[in-house]
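Reader: I would like to go through the terms used for this model and see what each one rests on. Please set each value against its cut-off.

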Amino acid sequence: MRPLPPVLRRLAPWTGALLAIYLTFNFGATGAGSSPAEKLTPAAGTPETPYSQSELVSAGRRLFLMNCAHCHASDATGDEGPDLHGVRKSEARLAALIENGVKGEMPKFGAKLSHTEVQALVAFIRSL
């Protein structure tokens, strides 16, 4: 086995602390799996929509504040991005825009957010 390069040897003692900081900032204090949409509990008897509408809207609002408010404003009235009140796009189109972004205008969130989280954001936008 090859020895570590000097740069990595100096960082080795800090690896655990750096990993803990990374996990805290990216996944919250409780570790992986603590995103707002993942905290939802399935509602009984609704396999096609496992979460109640109010749970989705609530999780969507938290996700919106974390990911979207810096461009669309915290009340979604628009700032750098457009006002999202009364959007007339289908839910599928909204989900596609969130996942794929808009070239030169909005980043892609498909790699960052799960399908459930995207649906929660769509539910929040619809509730405006």
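Author: Start with burial: buried means under 20% relative accessible area, exposed means over 50%, and partly exposed lies in between, with a 1.4 Å probe and protein chains only. This is a predicted model, in which local features need pLDDT of at least 70 and side-chain atom pairs count only at pLDDT 80 or more, while totals for chains, interfaces and linings use all residues. Residues are numbered from 1 along each chain as its sequence is written, and side-chain values use heavy atoms, with hydrogens and water left out.

Reader: Why does Asn-67 count as buried?

Author: The relative accessibility of Asn-67 is 6%, and buried means under 20%. Asn-67 therefore counts as buried.

Reader: What makes the pairing of Asn-67 with Lys-112 a polar contact?

Author: A polar contact is a pair of N or O atoms within 3.5 Å; within protein, one must be able to donate a hydrogen and the other to accept it, and residues adjacent in sequence count only if both atoms are side-chain atoms. The side chains of Asn-67 and Lys-112 meet at 2.6 Å. With neighbours within four places in sequence left aside, Asn-67 is in contact (heavy atoms within 4.5 Å) with Phe-109, Lys-112 and Leu-113.

Reader: What is the helix that holds Asn-67, and what counts as a helix?

Author: Asn-67 is in helix α3, residues 53–67. Helices (H or I, at least four residues) and strands (E, at least two) are DSSP runs, numbered from the N terminus. By that rule the chain has 6 helices and 0 strands, in the order α-α-α-α-α-α from the N terminus.

Reader: Why are α3 and α6 called roughly perpendicular?

Author: Two packed helices are described by the angle between their axes and the distance between the axes. Axes are lines fitted to C-alpha atoms, for helices over the stretch in contact, and angles run from 0 to 180 degrees between N-to-C directions. The axes of α3 and α6 (residues 115–127) cross at roughly 95 degrees and come within 7 Å. Angles under 35 degrees count as roughly parallel, over 145 as roughly antiparallel, 65 to 115 as roughly perpendicular and the rest as oblique. The two helices, α3 and α6, are therefore roughly perpendicular to each other. Residues making the contact include Leu-56, Leu-63 and Phe-64 of α3 and Ala-120, Leu-121 and Phe-124 of α6.

Reader: What kinds of residue make up the contact of α3 with α6?

Author: The contact divides into 9 nonpolar, 5 polar and 2 charged residues. Ala, Val, Leu, Ile, Met, Phe, Trp, Tyr, Cys and Pro count as nonpolar, Asp, Glu, Lys and Arg as charged, and the others, Gly among them, as polar.

Reader: What makes Ala-73 and Ala-76 worth a mention?

Author: Ala-73 has a phi near 75 degrees, a positive value in a residue other than glycine. Ala-76 has a positive phi too, about 65 degrees, although it is not a glycine. Ala-73 sits in the loop between α4 (69–72) and α5 (91–100), and Ala-76 is found in the loop between α4 and α5. Ala-73 counts as buried because its relative accessibility is 16%, and Ala-76 counts as buried at 0%.

Reader: Which residues does His-85 touch, and how exposed is His-85?

Author: His-85 is in the loop between α4 and α5 and at 36% relative accessibility counts as partly exposed. Not counting residues up to four places away in sequence, His-85 touches Asp-75, Ala-76, Thr-77 and Leu-128. The side chain of His-85 reaches the backbone oxygen of Ala-76 at 3.3 Å. The C-alpha atoms of His-85 and Ile-125, 40 residues apart along the chain, are separated by 7.2 Å.

Reader: What joins Asp-75 to Thr-77?

Author: A polar contact of 2.7 Å joins their side chains. Asp-75, with a relative accessible area of 43%, is partly exposed.
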